[in-house]
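Below is a short note on one part of the model and the spaces in it. Please read the points alongside the coordinates.

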Amino acid sequence: MNHSSITTLGELKATGYKARSVREEIRQNLVKNLSSGKKSFEGIIGYDESVIPDTERALLSKHNILFLGLRGQAKTRMARQMTNLLDEYVPVVAGSEINDDPMLPVSKFAKDQIAQHGDETLIHWLHRSERYGEKLATPDVSVADLIGDIDPIKAANLRLSFADEMVIHYGIIPRSNRGIFVINELPDLQARIQVSLFNILEEGDVQIRGFKLRMPLDIVFVFTANPEDYTNRGSIVTPLKDRIESQILTHYPRNLEDSLAITEQEATIAEEQSKRVLIGDLVKRLIEQVAFEARNNEYVDKKSGVSARLTISAFENAISAAERRAIINKEKQTQVWISDLVGIIPSLTGKIELVYEGEQEGPYQVAMNLVDKAIRSQFILYFPNPETLKKRRGTGKESMKGEENPYKPITNWFDSGNHIDILFNLSDKEKLIQLYAVDGLHALVKKYFPKINDKESALWMEFVLHGLAAHSLISKKIIDNRIEFKDLMGSMVNLGSSTFRDEDYDSEDFS
């Protein structure tokens with residue numbers, strides 16, 4: 001249908017146009033997508049076998065939907081993408097505040113227009129992007145905001161009685177008629193305001209200030225909420241929950257690969273940063289692992305959740321940390337080193353809610369421990385597990401299935417009194433000199449990764465140092481503007497000169 005050439009009700013009738021509800025419209029378009037294999041929700045990663053099928057089943061059933069889940073689980077994005085299932089354009093009576101269908105008008109304005117002008121009634125074509133309404137639930141939201149109220153100024157200007165339907169000022173819900181309306185964070189809405197939604201959901205009508213009118217609105221409602229026990233701020237009243245036909249539970253990425261894909265898709269990296277800073281797969285995985293560690297950490301409030309925004313911000317900060325260092329050292333190109341992960345701490349401290357014990361420990365220390373735990377978890381995926389080595393040594397059995405301890409040359413070098421200080425702003429050239437000075441470090445990396453180039457090899461060499469420290473084979477301290485690696489026993493003897501507390505480096509921190 002060439003909608004641009006159809007401007008009146010008579011022309012619309014001549015095309016054979018038939019009105020259909022929003023729910024039927026979404027259902028039929030979804031059926032077409034499923035039949036052709038076309039995706040209805042693009043860019044939603046990790047939901048292909050869970051949330052998306054549940055949502056499609058709900059839409060096929062013509063249901064209103066409640067997305068229930070912790071923060072940063074793409075609830076609002078799912079709702080916004082439902083507009084893709086609407087027809088590209090639909091006709092409305094020109095001038096109607098509530099998008100009246102010319103074939104099935106519901107407002108007094110539209111009915112009067114059609115009664116007065118008949119087939120000459122002007123129509124307007126509404127794009128699918130304009131058929132979406134969204135409201136963040138806050139305690140100050142009123143019934144007038146959502147549904148409407150009498151407008152005394154309008155009544156005075158038009159010289160109408162308050163009994164005239166034309167004096168009504170429609171709220172955001174009626175103005176979303178023939179579309180999708182979303183209320184985010186539903187528990188934040190006061191209970192008395194939630195009650196005002198009962199009739200809209202069940203009977204599809206609105207009541208404004210006692211007006212004897214029935215306005216059968218045509219709206220698909222989508223609500224988002226955190227679990228009710230998330231805070232003490234409120235909950236969804238039971239009768240309202242009963243009227244929402246489908247409740248869909250969202251979740252965080254279930255594996256590292258999905259988490260990586262989400263971060264790379266969402267992170268905003270400037271073109272000049274991309275040219276100047278390289279970031280290896282190892283560093284990307286470490287950043288994602290931090291989020292997985294946080295979601296299982298005893299110091300982090302699990303009811304609050306750890307948003308996917310944490311890894312996105314951390315990824316951007318890691319790139320920027322490397323870029324800043326390269327600018328200071330006048331380097332044309334660099335890579336993100338493991339030591340640059342100190343730069344992601346501000347991304348962590350603001351995005352994790354701590355329990356009481358975590359607050360006592362301190363946000364900074366908890367964030368640092370999360371990074372160390374991520375290094376510890378990833379290290380054993382690429383190198384022999386030092387914990388297994390310790391146990392075999394303790395029982396007197398041969399270590400590493402008959403092989404010698406692969407870390408012995410490195411720990412011996414530190415035990416001999418050697419140490420290295422990696423400054424946060426150290427140039428790549430100076431860092432390489434320090435890393436290659438450690439006996440056995442390059443040989444260990446080449447043993448397990450013989451095909452990597454020199455730049456990647458250096459990154460893995462630094463990773464080994466951080467991994468050995470995370471497993472308490474050597475000491476690692478962050479002092480002012482540098483990371484100091486030393487032997488473990490010597491570090492314990494000299495703790496009195498350090499600015500760090502004893503418990504910061506207790507081996508229990510890494511268990």
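1. Buried means under 20% relative accessible area, exposed over 50%, and partly exposed in between, with a 1.4 Å probe and protein chains only. In a regular strand the side chains alternate between the two faces of the sheet. Because six of the six residues of S13 are buried, S13 is largely enclosed by the rest of the structure.

2. The basis is as follows: this is a predicted model, in which local features need pLDDT of at least 70 and side-chain atom pairs count only at pLDDT 80 or more, while totals for chains, interfaces and linings use all residues. Residues are numbered from 1 along each chain as its sequence is written, and side-chain values use heavy atoms, with hydrogens and water left out. Helices (H or I, at least four residues) and strands (E, at least two) are DSSP runs, numbered from the N terminus.

3. The sheet is open and has three strands in the order S12-S14-S13, with antiparallel pairing; two strands pair if DSSP finds at least two bridges between them. Its edge strands are S12 (420–423) and S13 (474–479), each of which pairs on one side only. From one strand to the next the twist averages 20°. Helix H22 (residues 454–470) packs on the sheet and touches S12, S13 and S14, and its direction makes about 100° with that of S13. Contact means heavy atoms within 4.5 Å. Axes are lines fitted to C-alpha atoms, for helices over the stretch in contact, and angles run from 0 to 180 degrees between N-to-C directions.

4. Six bridges join S13 to strand S14 (residues 482–487) in the antiparallel sense. Isoleucine 474 stands opposite aspartate 487 in S14, and isoleucine 478 stands opposite isoleucine 483. The hairpin of S13 and S14 has two residues between the strands, and in it aspartate 480 takes a positive phi near 55°.

5. Which strand supplies at least two residues of the lining of the second largest cavity? S13 does, as does helix H17 (363–382). H17 gives the most, with four residues. This cavity has a volume of about 80 Å³ and is lined by 13 residues, of which Leu341, Val342, Met368, Val371 and Lys476 lie nearest its centre. On a 1 Å grid over the protein atoms alone, a cavity is a set of points where a 1.4 Å probe fits but cannot get out, and a pocket is an open set with protein on both sides within 12 Å along at least five of seven lines; lining residues have an atom within 4 Å of a point.

6. The largest pocket holds about 610 Å³ of space. Its lining has 26 residues, of which Gly72, Gln73, Ala74, Lys75 and Arg309 lie nearest the centre. Helix H4 (75–81), helix H11 (256–266) and helix H14 (309–328) are the elements that give two or more residues to this lining. H4 gives the most, with four.

7. Alanine 79 lies in H4 and counts as buried, at 0% relative accessibility. Leaving aside neighbours within four places in sequence, alanine 79 is in contact with Phe67, Tyr132, Val182 and Val222. The C-alpha atoms of alanine 79 and isoleucine 183 are 104 residues apart along the chain and separated by 9.9 Å.

Methods
Grid points are joined across faces, edges and corners, and a volume is the space filled by probe spheres set on the points.
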